[in-house]
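Hello,

Here is the structure I promised to pass on. Please open it first, then read the notes below.

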Amino acid sequence: MKNIINKIKFILMDVEGTTTSIDFVHDTLFPYAYDKMESFIKANPELVSGLDNPTATLKQWIKEDKKEPLLKTIQGHIWKEGYESGELKGHLYDDVPAAFKRWKQDGLGLGIYSSGSVLAQKLLFTYSKFGDQDQLIEANFDTKIGHKREKQSYTNILNDLNLSGDEVLFLSDISEELAAASESGMHVIQLIRKDPVNSPFDQIRSFDEI
Ligand SMILES: [Mg+2]
């Protein structure tokens with residue numbers, strides 16, 4: 001893997017299943033927003049004006065994992081309060097902070113590309129269980145730049161970063177995302193944080209291996 005690091009300038013990372021346990025999102029963040037929904041809406045009714053039965057509707061959307069922009073916005077506000085009060089701490093795998101430090105010392109840029117909103121990304125890394133890691137991250141992308149399984153999204157990110165594909169390494173657990181990034185010219189490595197998967201990509205279990 002070391003020979004890849006010598007060639008690249010920037011490491012772009014997925015979050016769920018890569019820097020962070022998928023369980024954190026499903027077992028901590030989503031239930032937290034669900035439980036706080038009613039009190040949050042009572043305190044901030046202006047955010048949901050025009051929506052019938054807002055608490056029940058938004059809770060139902062969480063259950064159905066709906067990609068409604070309003071839900072994402074409200075969840076973002078609830079998580080922000082939770083992180084700021086110290087009730088929530090962003091989960092990162094143990095190898096992540098040391099790798100961030102090492103890569104920064106090597107002069108690399110770091111970025112995040114996740115289907116979670118940029119706000120949610122910044123909160124998770126700012127209030128991580130290892131303290132503020134967000135200050136080491138210089139670029140955040142969410143699905144506003146495009147969907148994660150489409151080549152064009154990665155081309156858009158390269159344009160935004162003003163880098164060529166072979167200057168960027170993308171890390172993700174999902175084969176379809178790696179395939180799309182690879183088509184854009186990026187180097188890719190697959191994270192196997194849990195169960196093994198069959199894929200044509202180089203695989204690692206920890207950032208320590210890069
Ligand atoms: Mg993932």
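**What I found**

Strand S1 (residues 10-13) runs parallel to strand S2 (residues 109-113), and 4 bridges join the two. Phe10 has Gly109 of S2 as its bridge partner. This is a predicted model: local features need pLDDT of at least 70, side-chain atom pairs count only at pLDDT 80 or more, and totals for chains, interfaces and linings use all residues. Residues are numbered from 1 along each chain as its sequence is written. Strands (E, at least two residues) and helices (H or I, at least four) are DSSP runs, numbered from the N terminus. Two strands pair if DSSP finds at least two bridges between them.

The open sheet has 6 strands with parallel pairing, in the order S3-S2-S1-S4-S5-S6. Strands S3 (139-141) and S6 (203-204) stand at the edges with a single partner strand each, so one side of each lacks a neighbour in the sheet.

Now the helices. H2 (residues 22-43) packs on H3 (residues 54-63) at about 170°, axes 9 Å apart. Axes are lines fitted to C-alpha atoms, for helices over the stretch in contact; angles run from 0 to 180 degrees between N-to-C directions. H2 is therefore roughly antiparallel to H3 (over 145 degrees). Among the contact residues are Phe30 and Tyr34 of H2 and Leu58 and Ile62 of H3. Contact means C-beta atoms, placed from the backbone, within 7 Å.

In H6 (residues 118-126), the buried residues include Leu123, Leu124 and Phe125. Buried means 20 or more other C-beta atoms within 10 Å of the residue's own, placed from the backbone. Their cover includes helix H4 (69-85), S2 and S3.

Best wishes

Terms used. Angles under 35 degrees count as roughly parallel, over 145 as roughly antiparallel, 65 to 115 as roughly perpendicular and the rest as oblique. Two residues are in contact if their C-beta atoms, placed from the backbone, lie within 7 Å. A residue is buried if 20 or more other C-beta atoms lie within 10 Å of its own, exposed if 12 or fewer, and partly exposed in between; C-beta atoms are placed from the backbone.
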